[in-house]
Amino acid sequence: MIKDHPHRLDLTYINQPLYFVTFASRDRKRIHSLDGAQTALEQYARRAIENFNVALGRYVIMPDHVHLFVRGGRNFTLSWWIGGLKRAISVALGSPKLWQPGFFDHILRSDESYGEKWNYVRENPVRAGLVKSAGDWPFQGEIVFIDRA
């Protein structure tokens, strides 16, 4: 095991859990092209839903980290999928050492609100002083509507 790297559980005994994921740039350095990162993320997500039954719901790309919600099918392995997403963005931006190793993930329990978590995440650009209103931040979106019912 890599020091300070949390062990990933590849099997989860919940039918299609909804994950809230955050990953950061190496040393929290600024991502040099948020537009390029967003394009790469959206392309990766569209291929994921079409080819692998993996749904990327809402996301926010911040200057030095990314928040997203994702749900996969029965054979979904979160660590592989996030690793692929990080590689896709890195390749698109020509930045091979862009990301810190690992990521933070949390499975939303049935009593947790996707909407409440999303509202908190979407306010990040406002709290960071980047925009006055969350709706003004251009580096956010939703690829697939994920129903929590």
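Which residue lies over the face of Tyr120? In this predicted model, that residue is Arg127, placed at 4.1 Å from the ring centre.

**View 1. Charged groups over tyrosine rings.** Arg127 and the ring of Tyr120 form one such arrangement, with 4.1 Å to the ring centre. Another involves Arg58, whose charged end sits over the ring of Tyr114. Here the distance to the centre of the ring is 5.2 Å.

**View 2. The aromatic pair of Phe20 and Phe69.** A pair of aromatic rings is described by the distance of the centres and the angle of the planes. The structure holds eight aromatic pairs. One of them joins Phe20 and Phe69, with 5.1 Å from centre to centre and 35° between the planes, and this pair is tilted. Phe20 belongs to strand 1 (residues 18-24) and Phe69 to strand 3 (residues 65-71), so the pair ties together parts that lie 49 residues apart in sequence. Phe20 is buried, with a relative accessible area of 9%. Phe69 is also buried, and its relative accessible area is 0%.

**View 3. An aromatic cluster.** Four residues are shown in this view: Tyr19, Tyr44, Phe76 and Trp81. Together they form one aromatic cluster.

View 4. Is Phe145 buried or exposed? Its relative accessibility is 62%, and Phe145 therefore counts as exposed, the cut-off being over 50%. In sequence, Phe145 and Leu56 are 89 residues apart. In space, their C-alpha atoms are 8.4 Å apart.

Terms used: Residues numbered from 1 in each chain as written. Predicted model: local features only at pLDDT ≥ 70, side-chain atom pairs only at ≥ 80, totals over all residues. Heavy atoms only, no water. Phe/Tyr/Trp six-rings, centres within 6.5 Å; stacked < 30°, edge-to-face > 60°. Helix = DSSP H or I, 4+ residues; strand = E, 2+ residues; numbered from the N terminus. Buried < 20%, exposed > 50% of the residue type's maximum accessible area, 1.4 Å probe, protein only. Lys NZ or Arg CZ within 6 Å of the ring centre and 35° of its normal.
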